[in-house]
Amino acid sequence: MRWMAALALSLTLGGVAHAEVTETTRAANAAMAETLPWADREDEDFATRGFISAWDQPQIRADDGRVVWDFSVYNFLGGQTPETVNPSLWRHAQLLARAGLFQVRERVYQVRGFDVSNMTIIVGDTGLIIIDPLTSREVASAALALARRTIGDLPVRAVIYTHSHADHFGGVRGVVDPADVAAGRVAIIAPDGFMEHAVTENVIAGNAMGRRATYQFGAGLTPGPEGQMTSGIGLAISAGTFTLIPPTRTIARTGETLTIDGVRIEFQVTPETEAPAEMNFFFPDLGVLCLAENANASMHNILTPRGALVRDSKAWADYLTEALRLYGPRTEIMVTSHAWPRFGGERVRDFIASHRDAYKYLHDQSVRLMNAGYTDREIAEAVRLPASLSARWFNHGYYGTMMHNSRAVYQRYMGWYDANPANLNPLPPVEEAARYVRAMGGSAAVLAEGQRAFDEGDYRWGARVLNHLVFAEPNNQAARALLARTHRQMAWQAESAIWRNMYLVAAEELENGVTPRASGVQSADLVVATPTSYILDLLSVRLNPERLGERRYAFNLVFPERNERFAVSIANGVLVHERDVTIADAPTITSPRGVFLQAMATQSMARAVLTRQIRIEGNRRSLEGLGDVFDNPDLNFAIVTP
């Protein structure tokens, strides 16, 4: 979850006015408005139905006074669509911003707008079942406190994690005490594989994902008509304390049932869909179906721009088909992990079928064109939902888009290479850019072409041209400024909230440089839960072969408090580790795991040995320089410049 830590309180920073709206952008947004199904007011009803109360303070704060959630930053979302916002996105953001406690039906409540995700609450015979306790402890605690003002101070009997993404379990300590879980008074239920994926999805590539996530979620942008306009599936990620309590029960197969505090639940496991470990479930006595994050008020991402493993769009559609068969005839209300519920059995079944068809169309038509020889970029230009599907608000691309998702389908099957040998071994970006600029007649000619493209509203081409100039001449301020202006026009036309964020963050960094982000403090719960083997894998990908040179290391690593022993060897530019193996005649490092990790992260191994926090038995001299062969990756590496 390193990328989430990097985004803490990111939406209260920055904020520079740049309202230069071109006629092309005005015309594009006006043309979009003409195509939208304004007569369909179903979501306006569903997003407000059952509203009970809002939080009585403009902000939620941590114990030390830090603001972890600010309701007031979205107060601008009223009135007519500004010129700087796509009209479809403006409508969507207005609905997402409706925050507070809602009654879904008798015994079923939701708290929405306290985080990027929802908390759903089921009232059992003697207490509460919490579904998805948000991202951080503070907002989860406030959400439960708001609910209890209406439903009473009932104890929590169980928490259900729908899937392995942090915004659906990180607030768990805000709703339950780990001691109650340990004592068996509270059950924690999750899909099979939850812990593995919850703690490891972002470990290996966490630094790169964290930097890219600043673009996806608009870190440093102020919410407003010229800035951040939600994350597409929710407002933003809360900035409180991230926590984790491991499940006490996992669900491994579709058809499993549980009765919790008198509430019957039927489960459907849906691995490799929106998350590697995810599940839907149905409450037969309530007629309520939870589709987790497999169904949303937007098309989702098959491959998130921040980076992740490519998801299986075919399996995603197939599991929605299965959910429709298993639960559709008995369902009267559907709730999900983001956005608002859907009411009425007929409306729910219509939604599931249409949303399923959108993912299936995406998959099938992308593969059809792939098999006809089209490349990912060509497929992205060609695949569009038919009118029967695109007319539905919930199939619009506020988060994921058809263009990005079709390329993800191609990537899942075919990889990055499009089979054209000209693209087999391209030059790196800086070298390629220098040659483009030279071929186009020099920097003045390229800048003139970028200006012509801007003036004509040909922003996609202008961005490509100017990007070459910036990579060839990173200090060319005229090129950077014009590219920033170009990105803003595309941002203000974007229906996707995260496309908007990415364009706007790029513009800010071109003009003002990268705003440094400090290393996020990792959650103690997450560190404890991460298997040592994964941490050693992280060390492996930080090994710098140039620093290592011809040196070789071999040692045994012992963490007594965990009863763990590893054999570690470093040679030929790679680190290899094996558990429960001992290397004969090699030194043994014995240490509390946390002390060893801190020493490696801060390159303070020698100091830890001298202070006897770490003990070495055997040939110490053979370990000299060990802490110096690992990189501490740059948290703020360049993206829109070389």
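## Ser-406 and its contacts

Leaving aside residues up to four places away in sequence, Ser-406 touches Leu-362, Ser-366, Ile-379, Ala-380 and Val-383 (contact means heavy atoms within 4.5 Å). Ser-406 sits in helix 13, residues 402-414. Helices (H or I, at least four residues) and strands (E, at least two) are DSSP runs, numbered from the N terminus. Ser-406 counts as buried because its relative accessibility is 0%; buried means under 20% relative accessible area, exposed over 50%, and partly exposed in between, with a 1.4 Å probe and protein chains only.

## Basis of the model

This is a predicted model, in which local features need pLDDT of at least 70 and side-chain atom pairs count only at pLDDT 80 or more, while totals for chains, interfaces and linings use all residues. Residues are numbered from 1 along each chain as its sequence is written, and side-chain values use heavy atoms, with hydrogens and water left out.

Strand 6 (residues 119-123) runs antiparallel to strand 7, joined by four bridges; two strands pair if DSSP finds at least two bridges between them. Val-123 has Leu-128 as its bridge partner in strand 7, and a hairpin of four residues connects strand 6 to strand 7.

Strand 7 also pairs with strand 8 (residues 156-160), in the parallel sense and over four bridges. The bridge partner of Leu-128 in strand 8 is Val-156. From strand 7 the chain passes through helix 5 (residues 137-151) to strand 8, a right-handed β-α-β crossover: with the strands pointing away from the viewer, the path from the first strand over the helix to the second runs clockwise.
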